[in-house]
Amino acid sequence: MNRAERRRREKEARKRAKRSGADPTADVLSPAAEQALAAAAQHHGAGRLTEAEAGYRQVLAENPNHPVVLHLAGVAAYQLGNGDDAVGLMERAVGVKPDFFEALNNLGAAYRA
């Protein structure tokens with residue numbers, strides 16, 4: 001993604017957040033955080049859940065209200081058997097982005113478990 005695309009995405013995210021009343025910077029990641037998120041997602045896809053969760057936590061240290069990262073960290077926690085942690089992370093994701101249907105669905109699964 002080039003700089004112009006990133007700026008366009010950031011501007012669109014701010015507009016969406018403003019309409020919903022959410023934090024306008026919640027969906028914006030720095031290039032370093034985007035790389036860390038990509039690495040964590042690769043670990044997650046390869047089944048290295050501990051590494052994935054650590055990577056998500058690294059991104060959350062810089063961006064504590066990023067709904068996608070909160071959701072993915074919750075999914076990893078759920079898969080590792082940390083149900084309470086998973087529910088907390090997914091609830092935070094839904095709190096930041098109430099119309100995040102994938103997070104709502106996975107939160108329901110975590111509640112059922």
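**Figure 1. Overall fold of the predicted model.** The chain contains 6 helices and 0 strands. The coordinates are those of a predicted model. Along the sequence, the elements follow the pattern α-α-α-α-α-α. The chain has 113 residues, of which 35% are buried. Among contacts with a sequence separation of 6 or more, 47% join residues 24 or more positions apart.

**Figure 2. Packing of helix 2 against helix 3.** The axes of helix 2 and helix 3 come within 7 Å of each other and cross at roughly 160°. Because angles over 145 degrees count as roughly antiparallel, helix 2 is described as roughly antiparallel to helix 3. The crossing of the two helices is left-handed. On the side of helix 2, the contact is made by Ala 33, Ala 36, Leu 37, Ala 40, Ala 41, His 43 and His 44. Helix 3 contributes Leu 49, Glu 51, Ala 52, Gly 55, Tyr 56, Gln 58, Val 59 and Glu 62. By class, the contact of helix 2 with helix 3 comprises 9 nonpolar, 4 polar and 2 charged residues.

**Figure 3. Gln 42 on helix 2.** Gln 42 lies in helix 2 and is exposed, with a relative accessible area of 60%. The C-alpha atoms of Gln 42 and Ala 52 are separated by 7.6 Å, the two residues being 10 residues apart along the chain. Ala 52 belongs to the helix 3 side of the contact between helix 2 and helix 3.

**Figure 4. The largest nonpolar core and the surroundings of Tyr 56.** The largest nonpolar core has 26 residues, and Tyr 56 and Val 59 touch the most other members. At least two residues of this core come from each of helix 2 (31-45), helix 3 (49-62), helix 4, helix 5 and helix 6. Helix 5 supplies the largest share, 7 residues. In soluble globular proteins, nonpolar side chains tend to be buried together. With neighbours within four places in sequence left aside, Tyr 56 is in contact with Leu 37, Ala 40, Ala 41, His 44, Val 69, Leu 72, Ala 73 and Ala 76. Both Tyr 56 and Val 59 also take part in the contact of helix 3 with helix 2.

**Figure 5. Asn 63 in the loop between helix 3 and helix 4.** Asn 63 is found in the loop between helix 3 and helix 4. Its relative accessibility is 11%, so Asn 63 counts as buried. Apart from neighbours within four places in sequence, Asn 63 is in contact with Val 28, Leu 29 and Ala 33. One of these residues, Ala 33, is also part of the helix 2 side of the contact with helix 3.

**Figure 6. Packing of helix 4 against helix 6.** The axes of helix 4 (residues 67-79) and helix 6 (residues 101-112) come within 10 Å and cross at roughly 25°. Since angles under 35 degrees count as roughly parallel, helix 4 is described as roughly parallel to helix 6. Helix 4 passes helix 6 in a left-handed crossing. His 71, Val 75 and Tyr 78 of helix 4 make the contact with Glu 102, Ala 103, Asn 106, Ala 109 and Ala 110 of helix 6. By class, 5 nonpolar, 2 polar and 1 charged residues form the contact of helix 4 with helix 6.

**Figure 7. His 71 and Ala 93.** His 71 lies in helix 4 and counts as buried at 3% relative accessibility. Leaving aside neighbours within four places in sequence, His 71 is in contact with Met 90, Ala 93, Phe 100, Glu 102, Ala 103 and Asn 106. Ala 93 is found in helix 5 and is buried, with a relative accessible area of 0%. Under the same exclusion of sequence neighbours, the contacts of Ala 93 are Pro 67, Leu 70, His 71 and Ala 103.

**Figure 8. Gly 81 in the loop between helix 4 and helix 5.** Gly 81 lies in the loop between helix 4 and helix 5 (83-96). Gly 81 is exposed, with a relative accessible area of 57%. From C-alpha to C-alpha, Gly 81 and Ala 113 are 9.7 Å apart in space, while in sequence they are 32 residues apart.

Definitions and conventions: Residues numbered from 1 in each chain as written. Predicted model: local features only at pLDDT ≥ 70, side-chain atom pairs only at ≥ 80, totals over all residues. Heavy atoms only, no water. Axes fitted to C-alpha atoms, helices over the stretch in contact; angles between N-to-C directions. Helix = DSSP H or I, 4+ residues; strand = E, 2+ residues; numbered from the N terminus. Parallel < 35°, antiparallel > 145°, perpendicular 65-115°, else oblique. Left-handed = near helix turned anticlockwise from the far one by under 90°. Contact = heavy atoms within 4.5 Å. Nonpolar A, V, L, I, M, F, W, Y, C, P; charged D, E, K, R; others polar. Buried < 20%, exposed > 50% of the residue type's maximum accessible area, 1.4 Å probe, protein only. Core = buried A, V, L, I, M, F, W, Y, C linked by side-chain atoms within 4.5 Å.
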